[in-house]
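Trainee: I am new to this structure. Can we walk through it in short steps?

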Amino acid sequence: MTKPAQNPSVKTAFNSEHIDSATLHLDGARGLLMLLQNTLEPSAEQLSPPKAVGIMATVQSLIDWTHTDLEKDSQINGHDWTDLLLWLNGITGALYVLHGGYNGLYDLPNNRIQIAAIHSLQAVISEALAYVNNYG
């Protein structure tokens, strides 16, 4: 039995795959930040710095993948994500500083400030999700 020939000129019916992917990445990043925030509470079992850095690195990867997905969507579907990409760059910068704090490159703020920073990043990600979902 032979396989039918693939027609490269036929476009897929779904053109929002990049938006869907970006939404999943943002939701995952928000969830990981919530997990990290919970570990900073005084009554929580503390994470070791390498584990906290690992969570932040994963969040950073998810934000980077979101950025890439939205750039691809912009190229393919013409959506303007300029404002949202700036928000993602801000998240990247904040994560970079927190990451550096856990690695001893910068002074790490106290738990309350870390919790506030991570909570704020979650809020920005929630707004980004709402923004993306307007196109979905």
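Trainee: What pattern does the protein follow, read along the sequence?
Mentor: This is a predicted model, where local features need pLDDT of at least 70, side-chain atom pairs count only at pLDDT 80 or more, and totals for chains, interfaces and linings use all residues. Residues are numbered from 1 along each chain as its sequence is written, and side-chain values use heavy atoms, with hydrogens and water left out. Helices (H or I, at least four residues) and strands (E, at least two) are DSSP runs, numbered from the N terminus. The protein has four helices and zero strands, and the pattern reads α-α-α-α.

Trainee: What share of the residues counts as buried?
Mentor: Buried means under 20% relative accessible area, exposed over 50%, and partly exposed in between (1.4 Å probe, protein chains only). The protein has 136 residues. The buried share is 33%.

Trainee: What percentage of the contacts with a separation of 6 or more comes from residues 24 or more positions apart?
Mentor: Contact means heavy atoms within 4.5 Å. Take the contacts with a separation of 6 or more. Residues 24 or more positions apart account for 74%.

Trainee: How far apart are the end C-alpha atoms of helix H1?
Mentor: H1 covers residues 17-39, which is 23 residues. The expected span is 1.5 Å times one less than the number of residues. That gives 33 Å, and the model agrees, with the ends apart by 33 Å.

Trainee: Is Gln-37 buried or exposed?
Mentor: Gln-37 is found in helix H1. Gln-37 touches Ile-115, Ile-118, His-119 and Gln-122, not counting residues up to four places away in sequence. Its relative accessible area is 13%, so Gln-37 is buried.

Trainee: Which residue forms a salt bridge with Arg-30?
Mentor: A salt bridge is a side-chain nitrogen of Lys or Arg within 4 Å of a carboxyl oxygen of Asp or Glu. The count comes to one. The closest N and O atoms are 2.5 Å apart, and the partner is Asp-27.

Trainee: What distance separates the C-alpha atoms of Asp-20 and Asp-69?
Mentor: Asp-20 is found in helix H1. At 39% relative accessibility, Asp-20 counts as partly exposed. Asp-20 and Asp-69 are 49 residues apart along the chain, but their C-alpha atoms are separated by 8.9 Å.

Trainee: Which residue takes a positive phi just after H2?
Mentor: H2 has 29 residues and should span 42 Å; its end C-alpha atoms are 41 Å apart, which agrees. Just after H2, the phi is about 80 degrees, at Gly-78.

Trainee: Which residues form the aromatic cluster?
Mentor: Rings of Phe, Tyr and Trp (its six-membered ring) pair if their centres lie within 6.5 Å; planes under 30 degrees apart count as stacked, over 60 as edge-to-face and the rest as tilted. The whole structure holds three aromatic pairs. One cluster consists of Trp-81, Trp-87 and Tyr-131.

Trainee: How far is Tyr-135 from His-79, C-alpha to C-alpha?
Mentor: Tyr-135 is found in the segment after H4. Tyr-135 touches residues including Ile-19, His-79 and Trp-81. Tyr-135 and His-79 are 56 residues apart in sequence, and in space 8.5 Å.

Trainee: Which residues form the nonpolar surface patch?
Mentor: Patches are made of residues with over 30% relative accessible area and no salt bridge: like charges are joined within 9 Å, nonpolar side chains (Val, Leu, Ile, Met, Phe, Trp, Tyr) within 5 Å. Leu-105 lies in the loop between H3 (82-102) and H4 (111-133), and at 62% relative accessibility Leu-105 counts as exposed. Tyr-106 is in the loop between H3 and H4 and touches residues including Tyr-96 and Val-97. With about 440 Å² of accessible area together, the patch residues are Tyr-96, Val-97, Leu-105 and Tyr-106.

Methods. Accessible areas come from the Shrake-Rupley method with a 1.4 Å probe; for residues, only the protein chains shown count as cover.
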